[in-house]
Amino acid sequence: MPFTWLVALRFLREGRFQTLLILSGVGVGVGVIVFLSALISGLQTSLVDRTLGTQPHIVMRAPDDVVRPARQGPAVAARLEPPAQRLRSILAWQQALSTVRALPGVTAAAPIVGGAAFAVRGLANRSVALRGVDGPSYARIIDIEPRLVAGAFDVSGTRAVIGTELAKDLGIGVGDKLRIETPIGRSDVFLVSGVFDVGNKDLNLRWVFVSLRSAQTLLDLVGGVSTIEVKVARIFDAEAIAGEISGRTGLVAESWMRLNTQLLVGLRSQSASSWMIQLFVVVAVALGIASVLVVSVVQKSREIGILKAMGTSTRQVVRIFLIQGALVGLVGSVAGVAFGSGLALFFASLAKNPDGSATFPVELGPGLFLAAAAVATVTGLLSAVAPARRAARLDPAEVIRYG
Amino acid sequence: MAEPLLLLEGVTKSFGDGVVTHVLHGIDLAVGRGEFAALIGPSGSGKSTLLHILGLLDRPTAGRVLLEGRDTGPLDDDARTALRGRALGFVFQFHHLLPEFTALENVLLPMLARAGRERPGMRARARALLDAIGLSERASFRATDLSGGQQQRVAIARALANEPLLVLADEPTGNLDTETGANAFEMLRRFNRELGTAFLVVTHDMRIADRCDRVVELVDGRIRAERRGGVG
């Protein structure tokens, strides 16, 4: 073992109470960081999951109609009436779809034919959002399958999948028939093959899934699609990828981030406040380590003087104290990771949602542990700089004479 | 005359910025190889200050300190530390062993500091030194579990660890009873004879001084007298 490590370890081992105290300090600090990180990232992941469980990451649609006033003579239009946006197909959507699917970061893309319709049964009718989808490709955007409460997600032929609210309102279930009418006067009868619950009452009432072909016919969009929905690998890249999609295809592409600005602001300020708390915890831990080491330098000034007199270089003295700081940080962080993880898991076990999942989900992982250990070690190392310099400045002649 | 091991030329030392205290006034002193010298003087005469300058722990205000003919003035602190670790050993009045380490480790430390880590043979050498001071069976005792005399003997062994040319001893027997002190002193003399290590012993005990080869008397920061001691 190198000389500096030997002395550092022995100083720590022999300063039992101080070492224990400082390790507990680092442990509590790291524990708070681990707990807070696990809780905040767990909450955010669950919040984003819930939000994105029923939303694609990016929605692509045809550009809006714009008025192009014909310029004839000196007349200038005093007022431009914005046109009503009719339901239109994306031009050359197959090509756009394959372009998007080939983009890096995109994991899936699915064509959708969406529009307004009425679900009618007997005298009852409800306004619904008709969604014509291609079963397998849509499942990769929003996976309805695990959210089914009855039947299967089967939209082939004239089968439809509806939400629990609509099923309740119309008094139907799997195997029953349902008539869908569109404002342009077309209608068709569908067989209910599945009932879903996506955890959102409005969507459970309004979403009616049918096949692409059926929706195209009902909405008079034969051969076309109204939107392409996209899923990306890293959700916070969605905005950037949406920009890329716009540029490549000339279509309007909106990311979930654009459509959920409030949520995003909330997440960001939550993260920011969590960072602030963690920063101050790190500062407090650093001050704790530094003050204990400064006391240790004062206590051991005679020993340091002797070490110097017997040929220990200034650099070696500095290293002895830096090693102590880093070791305290590293060992304390191991205790802190255990403490913080225990606290987080205990907290998560306190409150449960009706479905059995934790109300406060926590996210613990090797990444977090390694980061906490690295932060604590570096903090220990940096906190030891001032005490180490102080030790290095000790004049051996002086401490031997008066020490 | 052969080149002296350590040579002081016109060394002065002052302390303080506002009120300046002059401790040493133009000291010229030579310590030869293998010599056993005593430095005596009343307290406040500047013995310890002179010892620290001799031991490269402190720098003179003016004058030169030459070790083996080489001026140590231009050396930076790291070079002086390295030189100190190689050529000089220290024995202090209050033993100053490191309480965190065992007797054996205390003897080992100067070797470790110099090499940076343990090398083959170091432990054997430390054991041999403990053997020579008659404490081999106390090798694994903590420094704090040894008696005052034993601690001082370990400190002597530690001073000899790197085979120094000169050992500077500041009142090595001052904190011990007469018999233990005499034993420790005998040990120094024995190492001087057997290893050829030069010793400079600061003392105010005339009985000790009389048994050195040479006695240097310091009064008010000046060398007042030098004489040959009794015992060879």
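What percentage of the 232 residues in chain B do buried residues make up? They come to 47%, where buried takes 20 or more other C-beta atoms within 10 Å of a residue's own, with C-beta atoms placed from the backbone. This is a predicted model, so to speak: local features need pLDDT of at least 70, side-chain atom pairs count only at pLDDT 80 or more, and totals for chains, interfaces and linings use all residues. Residues are numbered from 1 along each chain as its sequence is written, while chains are lettered from A and ligands numbered from 1 in the order in which they are written.

**View 1. Chain B as a whole.** A compact globule of 232 residues would have a radius of gyration near 17 Å, and chain B agrees, with 17 Å (taken over C-alpha atoms; the globule rule is 2.2 Å times the number of residues to the power 0.38). Its C-alpha atoms fill a box of roughly 50 × 40 × 40 Å along the principal axes. Seven helices and ten strands make up the secondary structure of chain B; these are DSSP runs numbered from the N terminus, helices being H or I with at least four residues and strands E with at least two.

**View 2. An open sheet in chain B.** Here four strands run in the order β2-β1-β4-β5, with antiparallel pairing (two strands pair if DSSP finds at least two bridges between them). At the edges sit β2 (21–31) and β5 (70–71) of chain B, each pairing on one side only. Zoom in on β4 (residues 62–67) of chain B, and you'll find two antiparallel bridges to β5(B). B:L66 stands opposite B:D71 in β5(B).

**View 3. Where chain B touches chain A.** On this side, 23 residues of chain B are in contact with 23 residues of chain A (contact means C-beta atoms, placed from the backbone, within 7 Å). The elements of chain B giving two or more residues are α1 (47–54), α2 (77–87) and α3 (103–115). Of these, α2(B) gives the most, with six residues.

**View 4. Inside the largest nonpolar core.** This core has 125 residues, and B:A38, B:L39, B:V107 and B:V201 have the most contacts inside it (a nonpolar core is a set of buried Ala, Val, Leu, Ile, Met, Phe, Trp, Tyr and Cys residues joined through C-beta atoms within 7 Å). Helix α12 (residues 314–350) of chain A gives the most to this core, with twelve residues. Leaving aside neighbours within four places in sequence, B:L39 is in contact with residues including B:K47, B:L50 and B:V201.

Terms used
Buried ≥ 20, exposed ≤ 12 C-beta atoms within 10 Å, placed from the backbone. Contact = placed C-beta atoms within 7 Å.
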